[in-house]
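Open your viewer and get ready to click around. We'll go stop by stop, and at each one I'll tell you what to select and what to look for.

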Amino acid sequence: MSSLVFAQTPALRFSLRKSLGLFILAGLVVFAFLPLIIGGADPLKQSLRHSLQPPSSAAWFGYDHLGRSMAARLAAALRLSLGLALLSVVTAMVPGILLGVLAAWRGGFIDRAIGAVSESLLALPGLLLVLMLTAIVPDNPAMLYLGISLVLWIEYFRVTRALARPILNSPAVEASRLLGFGPVYILKRHVWPEISAILLRLGAFGAASAIMAIAALGFVSVGVRPPTPELGLMMIELLPYYEEAPHALLQPIAVIFLMVLALQLLAGRQNSGKETA
Amino acid sequence: MSTLMEVRDAAVHTTEAQLVQPFSFSLEAGRPFTILGETGSGKSLLAQAVMGLLPEGLMASGQLGIEGETLDLGRPGSQKRLWGRKVSILPQEPWLALDPIMAAQAQVEEGYRFLRNEESDVARQSANRDLQQLGVAEARRKLPGQLSGGMAQRVAFAAARAGGARIVIADEPTKGLDVARRDEVIELLMREVRAGGCVLVITHDLALARQMGGDLAIMLEGRIVEQGEALEVLANPAHDYTRRLIAADPENWQTLDVEISSAGAPVLEATGIGKTRGGKQLFSGVDLTIRPGEIIGVTGPSGSGKSSLGDILLGLLKPDAGQVQRATGISIHRYQKLYQDPPAAFPARATLKQSLADLVALHQLEEVRIAPLMQRLRLAEHLLDRRPDQVSGGELQRFALLRVLLLDPVFLFADEPTSRLDLITQQETVELLVELARERGCALLLVSHDTALIEKTCDRTISIG
């Protein structure tokens, strides 16, 4: 009896992790986008008589030092972070995977050339690269997005290349080629089903690190400029008022924590090596 | 003769089903014991139950008596202190079981140091002596990657018994080996037997069972159907399954004598092809003309380039010298290949139905051709909804045959198509393969390490290496 129970727990724990992550993420998405649908306070509207007011039944999240609604600002900042992270991950993933497969497939010069570009980008610390780009063209979310994507694609490229090479050299692919199937079929039937789970998991981790990077840049006042609500920026703005209004400072921190936690839970390690298709 | 180990009523079950029926046996000093059975018959489970190595979810029952002690097989873990000291396992494919970054001698030395608690220089001498006795003294300072397969096997053997175990359990020790290497392994195991130890061999290889001698038990569907003196059982099999098993040994096949029709323009001509790999000349100056419906066997030891020859003929590999000429006007897709490991030749995550549908769509084939072919190949309809890893090796190899037959091949290269299949399945598969090739006028290049199999089935033979 006992060994059967043993065999079941990993699957159970896995689904619990995943659904918890999904639940938190869904909650954050609803919180971020609900104001767009049902309407809410303007995140930029100041009203100094509310300055640093603690949460109350009328305003659940209170107000910041300029009397702006924290709820509205958190929602707007979340939209920015989630949207930018998602966009960066997708932009990094698509060329990363395609280049990875290309390098694994053709090998030789192409492999070395793409590899060299990725390695030279890797030689720079990721945050520094984003910092440089945002310094060249300040106050432009597009630069932030470009910089993060430039850092992220390398991961997908390298993982895809490493995973695709043995698959492309396998007898199964040789058999498919002999039967007359072309590259699209081989990608669709042989490569993608084997690597998708790992890459999507990597995508969730990538989104988490993108969110952290955006916040970190905001915190050092390089990323998005005020008055645009952004989580890192909100932290640095509210830091001087820590004594009077700790709740205001803790809110963006909690939001980042929840967001990264949700993504990590979603991406989390699977217990058994085998994944069901 | 003394009893080294006694197993009483060893059985394996899950919560729902009995996988291995209770079986008792004893291992005598100086006498090998062989359990023979096909894949999935439960023979490995039995060995794992005895060692306490069953995978999660499976439970064992029964008792194990060793040196006057009795252990309960239902409590895995109680055998742990026997590992290495009393009982050791010779792993399948031993070169994978060695530490790739540790010199051979050091790996053997560990057994003496940590299991027998010898001082480090005494242990080194002991390890040295062992390697010398096995004739691999020059392997001492080498890493496993620098050893040949045979040497690695000896080193692994030395390491397995360095802890002083007198009982060696060998699970499929000859899997995928050619005859020369198989004899080496048998010699290695027999050396242990002669020294007063005991070897428990788990295998599906009839020749191995015959050569080991000693006691033999035949397993079928989790049950021992026959047991006794090995030579006696093999000479006078009592059970129907044993008889079929012996009849399925290529040595006992009927020679397929068919009129060789050398008519028809050749489908493939190779002139003077040669290939070198890793600085070693595999073959050179091979001339070969292949006509429709011909069955050509290729034999040679492993690593001799049998597969490379076929791949060159198919255009998958470039020859270093010579050239391959295909008949003009025949589609390139009519030159096909069957693989050694059937599951590795299909998209792993697509159902068989999906894979076949893809092929039908690509070449605009008539789907109605599939059903009669499936019947011919004795493939059940319901298998189509499964993935490659959910059907047996024999079935999957027949699916692979079905897949290539849909393209009406004129030349088929079968690369050890049955070396991973059980004897009876092997016979079925080869018979079908030959029959269908003859019927359809498809030339067949059959590669096998088994000379008997090639002799009995092929019109002519090429020997390389």
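Which residues of chain A does UniProt list for "transmembrane region"? The unreviewed entry gives 20–41, 80–105, 117–136, 142–159, 198–224 and 248–267; UniProt positions follow the numbering used here, feature names are shortened, and annotations may be inferred rather than shown by experiment.

Before you click further: this is a predicted model, where local features need pLDDT of at least 70 and side-chain atom pairs count only at pLDDT 80 or more, while totals for chains, interfaces and linings use all residues. Residues are numbered from 1 along each chain as its sequence is written, chains are lettered from A and ligands numbered from 1 in the order in which they are written, and side-chain values use heavy atoms, with hydrogens and water left out.

**Stop 1**

Select residues 80–105 of chain A. The span is 100% helix and 0% strand, and its end C-alpha atoms lie 37 Å apart. (Helices, H or I with at least four residues, and strands, E with at least two, are DSSP runs numbered from the N terminus.) Now try residues 142–159 of chain A: again 100% helix and 0% strand, with the end C-alpha atoms 26 Å apart.

**Stop 2: where the chains meet**

Show both chains. Here, 26 residues of chain B are in contact with 20 residues of chain A, contact meaning heavy atoms within 4.5 Å. Together the two chains bury about 2,100 Å², 59% of it on carbon and sulfur atoms. (Buried area is the accessible area, with a 1.4 Å probe, that two parts lose on being put together, summed over both.) Pick out B:Tyr339, B:Pro347 and B:Arg349: they supply 28% of the area that chain B buries against chain A, more than any other three residues.

Next, color helix H9 (306–314), strand S15 (335–338) and helix H10 (352–363) of chain B; each supplies at least two residues of the side that touches chain A. H10(B) gives the most, with five residues.

**Stop 3: a spot inside chain B**

Zoom in on B:Leu64, found in strand S4 (residues 59–66) of chain B. Is B:Leu64 buried or exposed? Buried, with a relative accessible area of 1%. (Buried means under 20%, exposed over 50%, partly exposed in between, using a 1.4 Å probe and protein chains only.) Not counting residues up to four places away in sequence, B:Leu64 touches residues including B:Met5, B:Val50, B:Leu73 and B:Leu82.

**Stop 4**

Go to B:Asp9, in strand S1 (residues 3–13) of chain B. Phi of B:Asp9 is near 50 degrees, a positive value in a residue other than glycine. B:Asp9 is partly exposed, at 45% relative accessible area.

Then jump to B:Glu416, in the loop between strand S16 (411–415) and helix H13 (423–440) of chain B. B:Glu416 isn't a glycine, yet its phi is positive, about 45 degrees. B:Glu416 is buried, with a relative accessible area of 9%.

**Last stop: an annotated domain**

Finally, select residues 5–246 and 268–464 of chain B, which the UniProt annotation "domain: ABC transporter" (unreviewed entry) covers. Over residues 268–464, chain B is 34% helix and 25% strand, and the end C-alpha atoms are 19 Å apart.
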